[in-house]
Every structure is written in structure tokens, then in C-alpha cells.
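Dear colleague,

I am handing over the structure we spoke about, with some notes on what was found in it. Please look at it first and then read on.

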Amino acid sequence: MKKIVLAVLAVAGAAVAKRKLDQSRTEQALWAEATDPVEKS
């Protein structure tokens with residue numbers, strides 16, 4: 001029973017970590033787009 005609980009907690013922790021990483025990447029992409037230098041055509 002303890003192994004199942006630990007496995008569930010590990011999966012939940014990994015899911016939370018992935019969500020935070022994805023959110024960080026999205027925010028970083030937005031900042032990169034907002035702060036890119038303007039190219040003259």
C-alpha cells in the first residue's frame with residue numbers, strides 16, 4: 001500500500017513540475033517576443 005501511495009505522489013509531483021516548466025517556457029517566449037529588437041525593412 002505504501003508503494004502505491006509513493007508512486008501516486010511521484011506522478012503528481014512530476015505533473016506539477018512539468019506544468020511549472022511549461023508555464024515558465026511560455027512566459028519566457030512572451031518576454032523574448034516583447035523584447036526583441038525591431039528590424040528595419
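A word on terms comes first: a residue is called buried when its relative accessible area is under 20%, exposed when it is over 50%, and partly exposed in between, using a 1.4 Å probe and counting protein chains only. Met1, with a relative accessible area of 78%, is therefore exposed.

Please keep in mind that this is a predicted model, in which local features need pLDDT of at least 70 and side-chain atom pairs count only at pLDDT 80 or more, while totals for chains, interfaces and linings use all residues. Residues are numbered from 1 along each chain as its sequence is written, and side-chain values use heavy atoms, with hydrogens and water left out.

The overall picture is this. The secondary structure consists of 1 helix and 0 strands, where helices (H or I, at least four residues) and strands (E, at least two) are DSSP runs numbered from the N terminus. Along its principal axes the C-alpha trace spans about 65 × 10 × 5 Å, and of the 41 residues 0% count as buried. The protein exposes about 4,300 Å², of which carbon and sulfur atoms supply 65%; such areas come from the Shrake-Rupley method with a 1.4 Å probe, and for residues only the protein chains shown count as cover.

Together with Ile4, Val5, Leu6, Val8 and Leu9, Met1 forms a nonpolar surface patch with about 680 Å² of accessible area. Patches are made of residues with over 30% relative accessible area and no salt bridge, with like charges joined within 9 Å and nonpolar side chains (Val, Leu, Ile, Met, Phe, Trp, Tyr) within 5 Å.

Lys18 counts as exposed because its relative accessibility is 51%, whereas Asp22, at 32%, is partly exposed.

Finally, Glu39 is found in the segment after α1 and is exposed, because its relative accessible area is 71%. The C-alpha atoms of Glu39 and Lys3, which are 36 residues apart along the chain, are separated by 57 Å.

Notes: A salt bridge is a side-chain nitrogen of Lys or Arg within 4 Å of a carboxyl oxygen of Asp or Glu.
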